[in-house]
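Please keep the sequence and the structure in view while reading.

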Amino acid sequence: AETTNEYKLLQLARERFPDGLSFAEERMFRATANGEKAFCVPEAGLTAAQVSAVRDTNYSWLALTNSANWPADCAIRADRFQWLCTDSLAVALITYQGVTISSARIDGTLNLHQAKIPFRIRAENCAFSGDIILHACQLRALDLIGTTIVGLDAGRLNIEESLNLRDGFKAKGEVWLLNATIGGDLNCEGAQFSHTNAIAIAADGIKV
């Protein structure tokens, strides 16, 4: 049954975005309100093997390198994500578990410049089509696990716990961590930073 927080967050989202929500966006709002991970692949119409692959985090059938061709319902528009993390009424409905999304494509630039976010953001096996801007942002923790991004502007980012860019994380543009402060670990195990003919990662003045 739909929980009270789930109903309230969906109502707020539908009022803010009257042009509608994709499957992935609705799943993100519902799961976040309940402190759960949002699996953003529509399971209707998938074979049992494909559903199992999603839940076992084996995404070979929905390769990140081909994310532009993912089903439209797998897409989360960046303005929806930004609103969820910064709107005071929405934030009040988010549990201590924060926001966790899995196998979604995030379309557009995710701009959280100078935002104060009191919870963890976690993206597993996702693909960001635009840059992630976290310049001077305050955040509890950030996990980009097996996720592909373009660039990350996180200069002067202040993370209370850890920054995890690992387990298949790929950056195609510059990762900018100048003067960032990370209260826990900076974990880049199994990551790829590959900005062609330019700086791939800059971290002058970082404190970890």
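Helix α1 has 13 residues (residues 4-16), and at 1.5 Å a residue it should span 18 Å, which agrees with the 18 Å between its end C-alpha atoms. The expected span is 1.5 Å times one less than the number of residues. The model is predicted: local features need pLDDT of at least 70 and side-chain atom pairs 80 or more, while totals for chains, interfaces and linings use all residues. Residues are numbered from 1 along each chain, and side-chain values use heavy atoms, without hydrogens and water.

**Helix α1**
- The buried residues (under 20% relative accessible area, 1.4 Å probe, protein chains only) of α1 are E6, L9, L10 and A13.
- Seen down the axis of α1, these buried residues fall within an arc of 100 degrees (taken from the directions from the axis to the C-beta atoms), so they line one face of the helix.
- T4 and E15, both exposed (over 50%), sit on the face of α1 turned away from its buried side.

**Nonpolar core**
- A nonpolar core is a set of buried Ala, Val, Leu, Ile, Met, Phe, Trp, Tyr and Cys residues joined through side-chain atoms within 4.5 Å.
- The largest one has 52 residues, of which F81 and I101 touch the most other members.
- Elements that each supply at least two residues of this core include α1, α2, β6 and β9.

Note on methods: Helix = DSSP H or I, 4+ residues; strand = E, 2+ residues; numbered from the N terminus.
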